[in-house]
Amino acid sequence: RSSNATTAIVCATAVGKTVVIDNVGIDATLTAKPEVVFHNKDVAFFVASASSSANITIKNCIAGGSFTSLRSNYADNFRSCASAANLNGGANGELGIAIYLGQIPKADKSVTMNISDCVNYADITASIEEGGLAAFIGRTGSKAVLTNCVNYGDITGLRRAYVAGIAANVYETGGEFNNVDNYGDVNSIRVYNIDWFGGTNGGNQGAFAVAGICSYAHGGKTNAFSFINCDNYGDVKNEIYDEPAAGQKSFQDYFAGGIVGRARRIKGLTIEGCNNYGDVTFNYGTGDYVAGEEGAAGILAFIDDNAQDSVYNIKNCVNEGVITSKFSGAGIVCRVQRSITSASTYNVENCVNKGDVICTYEINDGASNIAAAGIFAQLHVTNAAFKISVKNCVNFGDITAYSNTIAGIFGHYRNTSNP
């Protein structure tokens, strides 16, 4: 059975409208029956989807309860839904799942959106392919602005998607996160040949990135992101229990971060006054490793392919969680790499790591991409004018690794244009 109606508790679809949701409380427990799938429609607690210059404001709201949906059929473009979702079944089947705002399409940057002074207690468990799964924003193509928001719900993804406590997939736009905290555990669990309802799961890949605050920050090379005074208290896990497909030795570009999972194509980044207290884990089961970029970090796991002449500041941040990674790991920043051809500047200042860093890969067969460090694990760039500065940083954690690159502060630096 499929649902062909856009459904929401407050607002299903906002098209070219101003919507203000103020001082609203919702407590709902929703479980999708196995025979129910949602086809190309939206389901939400607050706002399922918005487009065409809509102006969305959600403030002083609280949500509780849970949503569980385990069914997903990728081949037929059917999608599972959680409490807020855009199930568009379009190219790549991308969708957003969240309690507050499901999705703003990536092609529609005319929507303005502000979420402030809101709390979520609802848990989400969903099997989805692509898109994003989080408490406040599943997936947005418009700028994300969140202030004084807290998530207490546990967020669990059972297939391949971006998964986060606050905002999952902020795509080709910018974001401002101010005084945003996550207390819920954030998990992505992937098991080969199981889609949690029956049948196969359609491939061998786990979550692209998992994070306590924002799993994927994509700036489209023109937009900046800032994370100011954001804290994560929940455990963050990106776990893949697949057997690699024939001829495939690694799962590339998968990460776990206490604050941010992956930042890509952004023109300027500020992470300041942010703290991670939860344990962060990236793991996959078996198979040899080749030239991937997987890893975990307490603050920022991975940043790549960024804009020209930009400045990236990570300042006054603290990690107290244990970082465990099958491959690379660090207390503050795991990896800066790939297509960094611009003359950008990276500053890591006044940061402290108090958590142990444990990298478990035991076969050192020339895999130079594996590194472990207390502050900054790896930096690989291709521009002679690129600048990196690490100042006034302290590591108190024990660093354990079987790779050939291990350090208390900075692990591995490589600039192919200025070796």
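Here is a walk through the structure, from the whole chain down to a few residues.

What you have is a predicted model, where local features need pLDDT of at least 70, side-chain atom pairs count only at pLDDT 80 or more, and totals for chains, interfaces and linings use all residues. Residues are numbered from 1 along each chain as its sequence is written, and side-chain values use heavy atoms, with hydrogens and water left out.

Start with the overall make-up. Of the 419 residues in the chain, 60% are buried, where buried means under 20% relative accessible area, exposed means over 50%, and partly exposed lies in between (1.4 Å probe, protein chains only). The chain exposes about 14,100 Å², with carbon and sulfur atoms supplying 46% of that; the areas come from the Shrake-Rupley method with a 1.4 Å probe, and for residues only the protein chains shown count as cover.

Now for contacts, meaning heavy atoms within 4.5 Å. Take the contacts between residues at least 6 apart in sequence: 82% of them join residues at least 24 apart.

How far can you trust the picture? The average pLDDT (the predictor's confidence in each residue, from 0 to 100) is 77, and 68% of the residues score at least 70. Residues 1-5 have pLDDT below 50, and that stretch has 14 contacts in the model beyond near neighbours in sequence. Residues 193-206 are also below 50, with 48 such contacts. Where pLDDT is low, the predicted coordinates should not be read in detail.

Let's zoom in on N148, which is in the loop between β19 (144-147) and β20 (150-151). N148 counts as partly exposed because its relative accessible area is 33%. Leaving aside residues up to four places away in sequence, N148 touches D117, C118, N178, N179 and V180. The C-alpha atoms of N148 and D181 are 7.9 Å apart, although 33 residues separate the two along the chain.

Last, the cysteines. A disulfide here is a pair of cysteine sulfur atoms within 2.5 Å, and the count comes to zero. C274 has its closest cysteine sulfur in C230, but the distance is 4.6 Å, so that is too far for a bond. C274 is buried, because its relative accessibility is 0%. For C393, the closest cysteine sulfur is in C351, and at 4.8 Å this too is too far for a bond. C393 also counts as buried, at 15% relative accessibility.

Note on methods: Helices (H or I, at least four residues) and strands (E, at least two) are DSSP runs, numbered from the N terminus.
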